[in-house]
Amino acid sequence: MSYGESLPDQVDRVANLSDAQADILDDVSKFDLEYVIVFGCEIPDQIRELYRERAAVERDYAARLLALAQKAVDKKNKKMPLAVVGDDPAKAWNAETLIQSTLENAYSKIIASFVNSQQEHLNLADALNVQVVGVLTSLARKNEGYRKKARRTQTQYYHKILTERDRVYTDRSKSKLKYDEECAEVETYRQKQARIQDDKHSNRAAKQYQQQTVDMNNAKNLYILSIATANKVKDRFYSEDLCKIENQYQHLQSNYIANVASVLRHAQGLQLGHHDALKNQLSIVDVAISEVNPKKDQELFIEHNLRPFGCPADWTFEPCASYYDTAELNVDGGAKIFLQNKLARSRAKLLELNPLLVAKRKEAEQAMSFVDAGSGNPSSGSVDAIDGLLDAQHQVTINETSHSILETEVRIIEKALDGDEGSQRPHSFKSSSFTIPTECGYCATSIWGLSKQGKTCRTCGLSVHSKCELKVAADCSGVRGIRQKSANSDSVLSSTSALSRSSSRASSTFVSTPTLSSFTQSSPHTIPETEFPVVRVIYDFTPTSPFELAVHEGATVRVIEEDDGSGWVKVLDEGGGRGLVPASYVESADASRAPESGAGRPIGSGSGQFVRGLYDYQSQGSDELAVSEGARIELTSGPSGGRNYAEGWWEGIDALGRKGIFPSNYVRAPILFVIGLDVLT
């Protein structure tokens, strides 16, 4: 019978039991120490007086020893219940209950021997002082070190696993909130799609709605997984982790009590050797101490501290109020790819964790054997050995928890996929920084940053956002430069949306985001330079990286890759040089002032109302316009144009004649352009 199995979730009471037992056993050592203080002072100076006053001393000694025994009885009556049944027992107890404790019985026999040992003399006191009190004092000091360090370590560890448990609980709650948010977003996009009447933008709205549906399904899957892991962590916390902490306290208590019992037996042996007249009394005490049984005393403590306990109920899936769904993992389209990648990742982590867990278990077993070897021998063992044992056991527990979480994820995902684990050619992604605009191989938007904002496959070179890593199908080509992009796209979009997107990309081949391959020499199939639009440089630009091109005001260059919303264009100068320049540094070579002439934009499509950019905004798709601070954009006309496009979105035409939508909160109120002046409407 162990504390962990019988007393779940009572770590504090078990720890308090160790303190109470330490106080009791400290008092045992003080009895002998007080004896020495009374009779062991100035012994060399009182030898003659000793013999002369022997009779008086013996009588006085008897009275003092009796008073000391009575004092011990009073202390025992106050402290022994705490050491036997604890500070807040659940079961009623009485004096007979205390007698059942082997430690209490041994203690009582010791006090009785003190009462019957009133004839004890100085030589025995000297022996007890050196061989018993000294050892008990050393043992108490060592145990105090064990106890303080173990309690501190256990308390820290207890709070650590408690924090880890609460973190998993919090992840579940966050997953629930995220799932609700994604469900709400699906509804928002559905309403937006319903409001759009223009065929040109209906496909985009449908694409956004379908993408948001995928994100919602992913959020749901993560929510379900977080429920499973939270339940697993909860079960493990109450059935294993807390049990181990209590069992560790129990183990330390056993060692300490066994060591104290060994010292007390030695004390009785000294008294037997020095006083044959009290041999019978001392033999009784010896037997009582020999019967000290930590397991039996611990069972008595357990019996009087049993309380009703029920493990908290498991969490279950809660459908969103605005989107009804079932508690099954979603394995449609992109959600299945996400689960397949997560399954592969969890399996890989399990393979890495298994040998580590085996090594940690072996280390814990070796530490336990070392500590057990010193049980019952006060001179053996050390604080470092106990600390090493506890640290090894903590590492095993932490690794076992991680193993349980990974196994749960693998089991649930395998069941949901039902054998359909996708292509077994996973990408080998690594964190990457991007000094130039790079297109994400999954969502086709730009990745650009110096702080590891994306991932790149070591094998095929595919670059994606960190958030898109698990959404990419495991179909690595194994050859750098070859992308299995269709598998990713088809899994996300319906056939209609995919066809629409491929058509729009085909018509704007040279308007895509620049990638690393953009800076190599053109292939033989490159479109002739005469087909590239000519623009004029309006500001000098000095490059700051090898991928940029130096240009001067007034020079003409050809645009080989237009601005995709990143604010950069790739140009070709007259000397054949290629590189990136800021999009705002060039303008159409034959364009005059756009607001006055109307060149570069559809005739009759403008409303005559202009807005001015308040903040910079990078376009996220080909149907959006980039907004620059201070730049003017003319609102389009018509019942679905301009401010009537959609809630939070307006449609307009920029200075280069490009038409698109942009967030309305990024621009200032509409203005009229009258003879070169901006007039607020």
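These legends go with a few close-ups of a predicted model. Local features need pLDDT of at least 70 and side-chain atom pairs pLDDT 80 or more, while totals for chains, interfaces and linings use all residues. Residues count from 1 along each chain as its sequence is written, and side-chain values use heavy atoms, with hydrogens and water left out.

**View 1. Glutamate 104 and lysine 76 form a salt bridge.** The N to O distance is 2.9 Å; a salt bridge here is a side-chain nitrogen of Lys or Arg within 4 Å of a carboxyl oxygen of Asp or Glu. Glutamate 104 sits in helix α6 (residues 102–116) and lysine 76 in helix α4 (residues 54–85), 28 residues apart. Helices are DSSP runs of H or I, at least four residues, numbered from the N terminus. Both partners are buried (under 20% relative accessible area, 1.4 Å probe, protein chains only; exposed is over 50%, partly exposed in between).

**View 2. Aspartate 314 pairs with lysine 234 in a salt bridge.** Their closest N and O atoms are 2.6 Å apart. Aspartate 314 lies in the loop between α10 (294–303) and α11 (334–373) and lysine 234 in helix α8, so the pair ties together parts 80 residues apart in sequence. Aspartate 314 is partly exposed, at 48% relative accessible area, whereas lysine 234 is buried, at 1%.

**View 3. Arginine 236 meets aspartate 241 in a salt bridge.** Here N to O is 3.4 Å, and both residues are buried. Salt bridges with shared partners join Arg236, Glu240, Asp241, Arg361 and Glu400 into one network. Across the whole structure, there are 25 salt bridges.

Definitions and conventions
Helix = DSSP H or I, 4+ residues; strand = E, 2+ residues; numbered from the N terminus.
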